[in-house]
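Please take a moment with the sequence and the model shown here before reading on.

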Amino acid sequence: MDSIQPNRSEALPERLCQIITPIGMLGYGFNVEDVEYGLHLSLETETPTAIVVDSGSTDSGPAKLALGTMTCPRSAYERDLRQLIRLVRQYRVPLLITSAGGDGSDAHVDEFLDIIRNILETSDPSTQNSLKILSVYSETSQEWVLQHLKAGKVSGCGPCVPLLTTQDIEATPTIVGQIGPEPMLQAMAAHPDFDILVAGRSYDPSPHVAFCAFHHYEKSYRKVRDLDPTTLGGFTHMGKLMECGGVCATPKCAASMGVIYRDGTFDIRPLASGSRCTPTSVAAHALYEKSRPDMLHGPGGYLDVTTATYSVLNDGIAIHASGAVFKASKHEKTAYTIRFEGAKAIGYRTIFMGSICDPILIQQLPSFLSRVNAYVAEQHSQVQDGWSLDFHIYGFDSTRPAQLPGEVFLVGETLAETQALATSIASCARIACVHGPYEGQKATSGNFGMGIGGKLEIEMGVCTEFSVYHLVQLEEGQEEAEEIRPHKEPDCPEAADGKFVKWQMVILGNGPRLGSIDCNFAGTTDHSQRTNALTAGSSVQNSAFSAKARTLGSIASVVRSKNAGPYEITLDVMFDDAAVYHRIKESGLLTPGRIAELYDIAVADIVWSGFFDPALAFKATIPRRRRGHEKPQPSGGFMENDVHGSQNHLPLMNLSLESSI
C-alpha cells in the first residue's frame with residue numbers, strides 16, 4: 001500500500017482528520033473504485049474520515065436560480081447518491097454535500113433529502129439502516145436583502161458588478177447566501193453521530209473547514225475564526241484545493257484525498273492511477289476560476305497563499321502543504337461578509353440557425369445582416385413591447401476579408417417580452433436571411449441552409465440574467481444558524497437577530513442506525529495490487545524555446561480562460577520550465593498594456609494582472625463583455641455563447657514571441 005509519509009526527517013504533527021472528494025461536482029458521475037481506494041487508505045489509521053462533495057456553481061448560468069431548475073437531472077443525482085450512500089454504510093463515514101442542486105436553494109436541499117429518502121426506502125430490506133441527516137438552508141428573503149441595502153451594507157462582488165437596486169431585488173424570486181463553515185459546524189456539534197449533511201449554497205471550502213474544525217474542537221461548537229490564522233489558513237487552503245477533486249493533479253483527475261494535521265498542514269493526493277501532485281500543479285490551482293491567485297476572498301475574510309510552501313512526499317504522488325494564512329475579518333477590523341446570489345427573468349428567447357456558403361454573400365455579410373435587422377424592425381414597427389435581435393456568426397472574421405471561409409454558420413437570437421413576439425421576430429429574420437437580396441446575387445432560390453433537426457425556429461423559453469451577485473455585511477453572529485425546531489415551520493422568516501441560515505435534523509430510512517466500523521475492515525474490493533505510480537508517458541514534457549517556437553501557445557504548458565464569477569473572465573498562462581517562465585517574465589511580452597490590446601479594453605478596466613512565481617504562471621482578469629458592450633455582461637444572458645468563458649484564450653495562445661523574445 002502507498003506510503004503517505006512526507007519526505008522529511010522531523011516528526012509529523014498529530015493527524016486530525018481525512019477527507020475524500022470523489023468529484024468536483026456531484027451529479028457528473030465518478031469512479032467508485034478510486035473513491036474506495038481512498039477509503040481503503042483511510043483505514044490504515046483510526047483518523048476520522050469523511051466524504052465531501054460540492055454540487056454548486058454559477059458556471060452554468062443564471063437559469064437555476066431564476067427558474068428553480070438543477071444543474072443535473074434528478075436521475076444523475078440519484079445515481080451518484082446511491083453509490084455514496086452505499087459507501088457511507090459500508091465504511092461508516094459521514095458524507096457532506098453542499099450547494100444542493102447547483103444553486104443551493106431551500107427547495108433543492110429538500111429535493112436532495114427526498115432522493116436520499118427514496119434510496120433508503122427502496123434498498124435491499126436485509127441491509128436497510130436509518131441514517132441521521134442534517135440539512136442546512138441558506139436561502140433568504142427579498143425583504144432581508146432590501147433591509148441591508150437600505151442600511152448601506154451591500155456592495156458588488158468585484159469591480160465589474162453593477163450596483164444593486166430595489167427593482168433587481170424585487171424581480172429576483174430566489175436569493176441564496178454563500179455561507180461559511182459556521183452553520184455546518186453548529187449542526188454537526190449538536191449531532192456528532194450524523195451520517196449525512198446536505199447544505200444549501202456554500203462557499204466551496206466550507207464543508208472541509210467545518211469537518212476539520214469539528215474535530216479540532218473535539219466535536220463541540222466554537223467560532224471558526226477563533227482558530228489560529230495559520231491553522232484556519234491550512235484548513236481553508238486544503239478545502240480550496242479539494243473542492244475540485246483531483247484537478248490540482250497532473251494529469252488532472254476526478255478524486256482526491258487529504259490528510260489534515262492539527263496544525264493546519266495537510267497532504268493531498270490524487271486517487272486516480274497515473275496522476276500525481278507536484279508543487280507547481282498544486283500552487284497553480286490558486287489561479288483556477290479566481291480573479292487573482294494570491295488572496296482568495298470568502299465569508300469572514302480571505303486566504304493568503306503567498307507564504308504557502310509545498311513539498312513532495314516519498315511516493316512522488318502526494319504533496320505536503322503548509323504556510324497559508326487566513327486573514328479573518330475580525331482581525332482585519334472589517335465586517336463579516338457573505339456573497340448573495342440571485343437571478344431574474346428578462347424575457348423570452350427564440351433562435352434559428354443555418355449556414356451560408358455563397359462567397360458573394362459571405363464577403364458582404366455584415367451589411368447584409370444590417371439590412372436583415374432593418375427589415376425586421378420595419379415589419380414590427382407597430383409593436384409597442386421591447387425586443388432585440390442579434391446574430392452569432394461562426395467561421396467569419398471581418399478583420400481578415402482576404403481569407404473568406406467556405407461556409408459560415410449563423411445563429412439568430414431574439415429576445416422579447418412574450419414567447420410569441422420572440423418567435424415572430426425570429427421567423428421574420430430567418431425569412432430575410434433566406435430571401436434578402438444582395439449585390440451580385442446569383443443564387444436566387446435562397447441564401448440560407450436551414451432546417452436542422454426539422455425546425456425553422458426553436459422556442460427557448462424564459463431568458464434569465466444574474467441580478468444579485470453582491471456582498472452583504474453581517475452583524476456579529478449573523479453568520480451562524482438557527483435550528484428549526486419541530487414546532488416551527490421550515491420556511492419561517494428570519495430570526496429577530498437577523499440570522500437567515502437555518503438547520504434541522506431528520507432520521508430517514510428503516511432499520512437500526514449504523515454502527516462503528518472495524519478499522520481492519522478492507523471492504524469488498526481488493527486493492528492490494530493497485531498502484532498509483534505514474535504510467536509511462538503520462539507526465540507532461542517540459543516546454544522550451546526552439547527554432548519552431550513562434551507563439552506563446554507553443555512554449556506554454558497551459559493557456560486557458562475561465563469564468564471568475566459571472567462578471568469576469570480570467571486568463572492563465574503556465575509553464576513547466578522555470579527558465580522559460582523567467583525569460584517570459586523578464587521579456588515584457590505579458591503586460592497590462594498587452595492584455596488591453598489583445599482584448600480591446602482599457603488598461604484601467606483590467607481587474608488584476610501579474611505573474612505568480614509559485615505556479616510559474618501569468619494571470620490577468622478582465623470584465624466579461626459580449627458583442628461590443630462597454631459594460632460587463634453577466635454569463636448566461638441574452639446572446640451568450642460561452643457560458644463557462646473557456647474559449648477566450650485564443651488571443652494569448654496566438655501571441656507572437658518574435659517582438660519580445
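This is a predicted model: local features need pLDDT of at least 70, side-chain atom pairs count only at pLDDT 80 or more; totals for chains, interfaces and linings use all residues.

The largest nonpolar core has 72 residues, and among them Leu-197 and Ile-268 touch the most other members. Helix α8, which spans residues 206-216, gives this core its largest share, six residues. Because domain 1 (16-138 + 179-334) and domain 3 (552-654) both contribute residues, the core lies between them. Beyond its neighbours within four places in sequence, Ile-268 is in contact with several residues, including Leu-241, Met-257, Cys-277 and Ile-319. A second, separate core of 46 residues includes Leu-39, Ile-116, Val-259 and Tyr-261.

Strand β1, residues 15-21, holds Gln-18, which counts as buried because its relative accessibility is 0%. Setting aside its neighbours within four places in sequence, the contacts of Gln-18 include Ser-42, Thr-47, Phe-211, Met-257 and Val-259.

Across the whole structure, a search finds 13 aromatic pairs. In one of them, the rings of Trp-144 and Phe-500 have centres 5.1 Å apart and planes at 50 degrees, so the pair is tilted. Since Trp-144 belongs to helix α5 (residues 142-150) and Phe-500 to the loop between β21 (481-483) and β22 (501-509), this pair ties together parts that are 356 residues apart in sequence. Both Trp-144 and Phe-500 are buried. The rings of Phe-211 and Phe-214, with centres 6.5 Å apart and planes at 35 degrees, also form a tilted pair, and these two residues lie three residues apart in helix α8, about one turn of the helix. Elsewhere, ring pairs link Phe-575, Tyr-581, Phe-611 and Phe-618 into a cluster.

Key:
Residues are numbered from 1 along each chain as its sequence is written. Side-chain values use heavy atoms; hydrogens and water are left out. Helices (H or I, at least four residues) and strands (E, at least two) are DSSP runs, numbered from the N terminus. Buried means under 20% relative accessible area, exposed over 50%, partly exposed in between (1.4 Å probe, protein chains only). Contact means heavy atoms within 4.5 Å. A nonpolar core is a set of buried Ala, Val, Leu, Ile, Met, Phe, Trp, Tyr and Cys residues joined through side-chain atoms within 4.5 Å. Domain bounds come from an automatic or database domain assignment. Rings of Phe, Tyr and Trp (its six-membered ring) pair if their centres lie within 6.5 Å; planes under 30 degrees apart count as stacked, over 60 as edge-to-face and the rest as tilted.
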